[in-house]
Amino acid sequence: MDIEFGIRNVARTVNFSMDAKAEEVAAHISQALSAGGPIDLVDDKGRHIIVPKDALGYAVIGSDTTHPVGFGALGGATD
């Protein structure tokens with residue numbers, strides 16, 4: 001699942017992927033914000049993403065469902 005953090009006063013977003021469920025990630029973020037500590041998540045490559053509570057502008061948590069990837073017909077061919 002893809003995660004996006006918007007950091008206050010920074011134009012670029014922090015994007016990473018995790019193997020956890022959306023509900024687990026949302027609960028972890030909410031718990032960290034309630035406790036007043038930093039948000040500490042581990043991405044699917046084993047890297048820690050640590051964001052101080054006051055720096056987080058927003059978080060976008062992707063869906064748990066996987067979407068098929070492929071090519072399909074995009075319309076009728078004209079000759």
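**Where G46 lies**

Between which strands is the loop that holds G46? G46 has its place in the loop between strand 3 and strand 4, where strands (E, at least two residues) and helices (H or I, at least four residues) are DSSP runs numbered from the N terminus. G46 is partly exposed, with a relative accessible area of 49%; the term partly exposed covers values between buried, under 20% relative accessible area, and exposed, over 50%, with a 1.4 Å probe and protein chains only. Although G46 and M18 are 28 residues apart along the chain, their C-alpha atoms are separated by 9.3 Å.

**About the model**

This is a predicted model, in which local features need pLDDT of at least 70 and side-chain atom pairs count only at pLDDT 80 or more, while totals for chains, interfaces and linings use all residues. Residues are numbered from 1 along each chain as its sequence is written, and side-chain values use heavy atoms, with hydrogens and water left out.

**The overall fold**

Of its 79 residues, 23% count as buried.

**Strands 1 and 2**

Strand 1 and strand 2, the latter made of residues 13–17, pair in the antiparallel sense over five bridges; two strands are said to pair if DSSP finds at least two bridges between them. Within this pairing, E4 has N15 in strand 2 as its bridge partner. The hairpin of the two strands has five residues between them, and in it N9 takes a positive phi near 65°.

The structure holds one aromatic pair, a term for rings of Phe, Tyr and Trp (its six-membered ring) whose centres lie within 6.5 Å, with planes under 30 degrees apart counted as stacked, over 60 as edge-to-face and the rest as tilted. The pair is formed by F5 and F16, which are edge-to-face at 5.5 Å centre to centre, with 70° between the planes. Because F5 lies in strand 1 and F16 in strand 2, the pair ties together parts that are 11 residues apart in sequence. Both F5 and F16 are buried.

**The nonpolar core**

A nonpolar core is a set of buried Ala, Val, Leu, Ile, Met, Phe, Trp, Tyr and Cys residues joined through side-chain atoms within 4.5 Å. The largest one here has 16 residues, of which I3, F5, F16, V25, I39, L41 and V51 touch the most other members. Strand 1 (2–7), helix 1 (22–35), strand 3 (39–42) and strand 4 (48–51) are the elements that give two or more residues to this core, and helix 1 provides the largest share, four residues.
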